[in-house]
Amino acid sequence: MKKGTWKRVLTYLGKYRIFLFLSLVFAAASVACTLYVPILIGRGIDQIIAAGEVNFDALKNYLLSAAIVVGVGALVQWIMTTINNKITYEVVGDIRRDAMNHIQELPLSYLDSHAYGDIVSRIIADVDQFADGLLMGFTNLFTGVITILGTLAFMVYLNAGITLVVVLLTPLSLFVAKFIASHTYSFFKKQSATRGEQTAVIEEIIGNQRIIQAFSQEDESLEQFDEINERLEACSLQATFYSSLTNPCTRFVNSTVYAAVALTGAFAAMTGAITVGGLSCFLSYAGQYAKPFNEISGVITELQNALACAARMFEFLDSEPQPEEPADAYTLQDVKGNVSINDVCFSYTPERKLIEHLNLQVNAGQRIAIVGPTGCGKTTLINLLMRFYDTVSGSILVEGQEIRRVTRASLRQNYGMVLQETWLMEGTIRQNLIMGKPNATREEMIAAAKAAHAHSFITRLPNGYDTMLTENGDELSQGQKQLLCIARVMLRKPPMLILDEATSSIDTRTELKVQDAFARLMEGRTSFVVAHRLSTICDADRILVMKDGNIIEQGTHTELLEADGFYAHLYESQFAATM
Amino acid sequence: MFKLLRFMKGYRKQALLAPLFKLLEALLELLVPLVVAAIIDKGIGGSSKGYTIRMSLLLVLFAMIGLGFSVLAQYFSAKTAVGFTAKVRHSLFAHIQSLSYTELDRLGTSTLITRLTNDMNQIQNGVNLTLRLFLRSPFIVFGAMIMAFTIDTKSAMIFVLVIPVLSVVVFGIMLISIPLYRRVQLRLDRVLSLTRQNLTGVRVLRAFCKEEEQKALFAQKNGALMKDQKRSAKISALMNPLTYIIINAGIIALIYSGALRVDKGILTQGAVVALYNYMSQILVELVKLANLIINITKSIACGNRVQAVFETTSSLTFDEIPAIREIPVKACKNGVPYVEFDHATLRYQNAADDMLHDLCFTARSGEIIGVIGGTGSGKSSLVNLIPRFYDVTGGSVRICGNDVREYPLTTLRESIGIVPQKAVLFAGTIRSNLRFRKSDATDEELWTALRLAQAEEFVRKLPDGLDAPVSQGGKNFSGGQRQRLTIARALVGNPGLLILDDSASALDYATDAALRRALATLPQKPCCFIVSQRTASLMHADKILVMDDGVLVGQGTHEELLQTCVVYKEIYDSQFKKEKKAASGSPQPEPDLDDWDVGGEFDRKEGIRV
């Protein structure tokens, strides 16, 4: 899992290999400068021996060189950081983009069965955390490794003996860091998972805050929130504390190394094997040599955290997308609206059978009303017609073409859909209306809005057709939203329609007009209507009475009444109850 | 941000101990260059191996004590940061629960979610780092300067010069990057809301084949985020190189002036090395401080945004001590109407016009009050005034003769059973959802409510019955089932006042009628408001309120209104025209056949089994 995650991250980085290479080069240059400065300073210090024993000419030379090296080092470091930023933010951007693209490819079955909050948290919070880790990784890991190698080279050049002391002791620092990192990974993972869980609860409660308040459930939901909040507090404490031990522990090792260098260096200086300037240079190196270990270990914990986040992200990215369209997928053309459903079986879960052996022939232009009790499979039928879900067995043909062999886009383009739950996107009213037909002229759009009786209320809004709607158009009434959804389909005029309880919350005064408009729209078009209204049902060419996933009766209103079966019985009792 | 510090209460001790132990550790670090200087001057200079060994051991001892201090500091700061954040998160969540609809409308759901998630993580991180480093770093910086003074005043002047220059650079860059960072956050919010939108609207987007377009839109917003991230990072990237230059300039100056002083015999070589070491320490700490400041900047930005939510308070006003009054479940005494609207007027925040204008009517216990009207006519707004989702901006709404604002909010809302327009259930079980109004309701009470709401049958069929799991939003139930469950939810606990906000629209007429009959049999005889667009649902109501553009244009029974109210007649005609056309005798309402309960033992003609 962890290894796989690394590999995936590296794949993302591959695109930026030139920049990675440049970053490495500049990191090396920057480290070389940083390491050379203490040597120049050390030589300078060696020119300062005692009163009257100071070689000013040499000192000035060394200090001037030091100044130049510092300038170059700073410049190179700046360029390196800029490159690293570029790589990190672009990689993270790439991952987010892929995640979004993936959402578009995911089957509805996945999205219906996962909490939105969790998916959002993976794409936003986890990726953000990953960015932090990656950036730290770049800035510190490269320079860290190069600093270690460079320091080693310079130290050997100065004095091999003391170098040996440093080299022998510092691995301790690495060991400590690794030990802590491997133990904190699981804490971070747990923290990440608990955060996801909490986000899901927040989404649910804050998203439905109005209902919570209507039922005075504030205390209960707070209680539910607090339970997770406390668990998060506990595992956050573990993750935060244990990971923060890395620095003190490695710093302890480093201080010990520093003391050892001071000791051996002083002994070497007593025998003249090294100058005092050399010793000060060594001490500064011992600090610098240890520092990258320190940083690397910090980076490693940060990377572990980032990897845990990346793993959750990739887990999402790896979820099975909907089956790819076959290469020879047919583009539906000249659809007249002949639909045939042959022996279709479908269920959401294998344990609970839903639709079984469903057969239905629909000719172009027919209006099909679907009625039946709740849970009888009405909305499931829509899911299958639109290919939101694929049938388990059997086939659905449109114009004689098996819909699994045609492109999804061409299938869906031929349907106009108005769902029970109105959904509008963030944007202007105009953007929402022309969703199905982006190149529509203003006249066409207004005509469609008028046909759906939306024009008059739209023009009364502050900015008319350019009024911005926030997420899900909360500023409009349910009925107004419904009208917009209808206008959206009106504009598109597809050969087939799917209407799911579409007129249920439109104000009754305009309902009739809308129904007339619908009737006009439905003229000559195949339409599937999950029906509420008697008038819709009466006007239908065929009524499907569904029960437990099967069509138990079909025919026209008159035929069904004459047949005196299930429908007739229900129709009677329905009236009896109303009167 | 600083106002958030009130949540530190309870962690004060830890919040003080963490930096304290950090300071002790730092103090030990400051002593190290002095020990090294002693080794150079006395150890090497005096060729004393014993002294050198003793001093080296002292360094190791410092390291060990330092380790102990810092482990303690890390623990206290982690504890404080995590605990503090958990408290803020708790309080923010609780605070959001206290906001009224007006504020929720304004703040928006996705913003609130970001505040509770991402922002909290940033704050936790910021507090943790602040406690660990914010005192330590300046302490070492100034400590080093003070130590330099103890060595040599003139050399120390270089420290006095370098530190302000460094500070200007560090803080300057910080000030520039704060607004840039704020922009990044704004962009991130947009990306977040787009992601959510693509999840909530997935069916529509796919039906319109918008996949590619959404990809492009996301790429564009994501690109804008990335561009701003890079821009703000570019400024921050200047920090390290600039400080590096300044500190090294300081070192070069220090060594040159040190050389002059040594030449005159004022300083020793070891002292120059010590000064050099102090200057180096400043660099390390300043780099830490710089990084820390960037992190804290982020956290403060998050903290301010969170504080802004805290400062948004409910626009509902309360009496200091609400007159704790019970709301009677049954009819009020002395013939006072149960609900009374007295010239009630409502204007939404920032709206140009009244949503509801000067409404006057009364409603009694046991009465069914129908509310009818066109889209946007104010039907929902009218019933929203009763549980105080919004407060009137003029006139008053009274329950049992008392203004609704005089009751404690929970008493008020708990006495009302509400079925909202949108049928939403919460993750849990059917039981947990039904117990919303009454947490200790017995199974019998729940089944009764389910029976009344016509939901008994399908719940009985579920393998787990009342314990059947409900997923987030109730996505595992159909729209009709959710609708009935939300009705049952409102009925549990026998409220004295029921509000069905256009929620029977998904019910068929038989159920609707059965439900009305059932309501009449309720022992507490509730006053019941039914908002609907269908005259057929309301024609048997005791009183029908006809709304048109926020004005109450008619009230009375069906028969009365047909005679007196043009708007009502228009609505009625539009719905019964078809059947008149069919000329089948008396006008027939148009039944809604959605929720036929075809299967099962339930006999519709008998109505409801109560």
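Among contacts in chain B between residues at least 6 apart in sequence, what percentage join residues at least 24 apart? In this predicted model, the share is 79%. Chain B holds 21 helices and 12 strands. Of its 610 residues, 53% are buried.

The predictor assigns the complex an ipTM of 0.75 and a pTM of 0.65. For chain A the mean pLDDT is 83, with 91% of the residues reaching 70 or more. The pLDDT is below 50 over residues 575–579 of chain A, a stretch that has 13 contacts in the model beyond near neighbours in sequence. Chain B has an average pLDDT of 82, and 90% of its residues score at least 70. Residues 578–610 of chain B have a pLDDT below 50; beyond near neighbours in sequence, 79 contacts in the model involve this stretch. Where pLDDT is low, the predicted coordinates should not be read in detail.

The contact between the two chains is considered next. Chain B contributes 151 residues and chain A contributes 147 residues. On the side of chain B that touches chain A, helix 2 (residues 49–98) of chain B supplies the largest share, 26 residues. By class, the residues on this side of chain B comprise 71 nonpolar, 49 polar and 31 charged.

One helix pair spans the two chains: helix 2 (residues 17–46) of chain A and helix 10 (residues 239–263) of chain B have axes that come within 11 Å and cross at roughly 10°. Helix 2 of chain A and helix 10 of chain B are therefore roughly parallel to each other. From helix 2 of chain A, Val37(A), Ile41(A), Gly44(A) and Ile45(A) take part, meeting Asn248(B), Ile251(B) and Ile255(B) of helix 10 of chain B. The contact of these two helices has five nonpolar residues, two polar residues and no charged residues.

Within chain A, six strands make up an open sheet with mixed pairing, in the order 6-9-10-3-11-12. Strand 6 (415–418) and strand 12 (550–555) of chain A are at the edges; each has a single partner strand, so one side of each is left without a neighbour in the sheet. From one strand to the next, the twist averages 15°. Inside this order, strand 3 (residues 367–371) and strand 10 (residues 526–530) of chain A are paired in the parallel sense over four bridges. In this pairing, Ala369(A) is placed opposite Val529(A) of strand 10 of chain A. Helix 12 (residues 378–385) of chain A packs on the sheet, where it touches strand 3, strand 9 (496–500), strand 10 and strand 11 (542–547) of chain A. The direction of helix 12 of chain A makes about 150° with that of strand 9 of chain A.

Another open sheet of chain A consists of four strands in the order 2-1-4-5, with antiparallel pairing. Strand 2 (355–362) and strand 5 (401–402) of chain A are its edge strands, each pairing on one side only. Strand 4 and strand 5 of chain A run antiparallel and are joined by two bridges. Val398(A) is found opposite Gln401(A) in strand 5 of chain A. Helix 12 of chain A also lies across strand 1 (339–346), strand 2 and strand 4 of chain A, and runs at about 115° to strand 1 of chain A.

In chain B, strand 10 (residues 527–531) is mostly covered, with five of its five residues buried. Cys527(B), Phe529(B) and Val531(B) point one way from this strand, while Cys528(B) and Ile530(B) point the other way; all are buried. Strand 10 of chain B pairs in the parallel sense with strand 3 (residues 368–373) of chain B over four bridges, and Ile368(B) stands opposite Cys528(B). Strand 9 (residues 497–501) of chain B also runs parallel to strand 10 of chain B, the two being joined by five bridges. Here Asp501(B) is the residue opposite Val531(B) in strand 10 of chain B.

Definitions and conventions: Residues are numbered from 1 along each chain as its sequence is written. Chains are lettered from A and ligands numbered from 1 in the order in which they are written. This is a predicted model: local features need pLDDT of at least 70, side-chain atom pairs count only at pLDDT 80 or more; totals for chains, interfaces and linings use all residues. A residue is buried if 20 or more other C-beta atoms lie within 10 Å of its own, exposed if 12 or fewer, and partly exposed in between; C-beta atoms are placed from the backbone. Two strands pair if DSSP finds at least two bridges between them. Two residues are in contact if their C-beta atoms, placed from the backbone, lie within 7 Å. Ala, Val, Leu, Ile, Met, Phe, Trp, Tyr, Cys and Pro count as nonpolar, Asp, Glu, Lys and Arg as charged, and the others, Gly among them, as polar. Axes are lines fitted to C-alpha atoms, for helices over the stretch in contact, and angles run from 0 to 180 degrees between N-to-C directions. Angles under 35 degrees count as roughly parallel, over 145 as roughly antiparallel, 65 to 115 as roughly perpendicular and the rest as oblique. pLDDT is the predictor's confidence in each residue, from 0 to 100.
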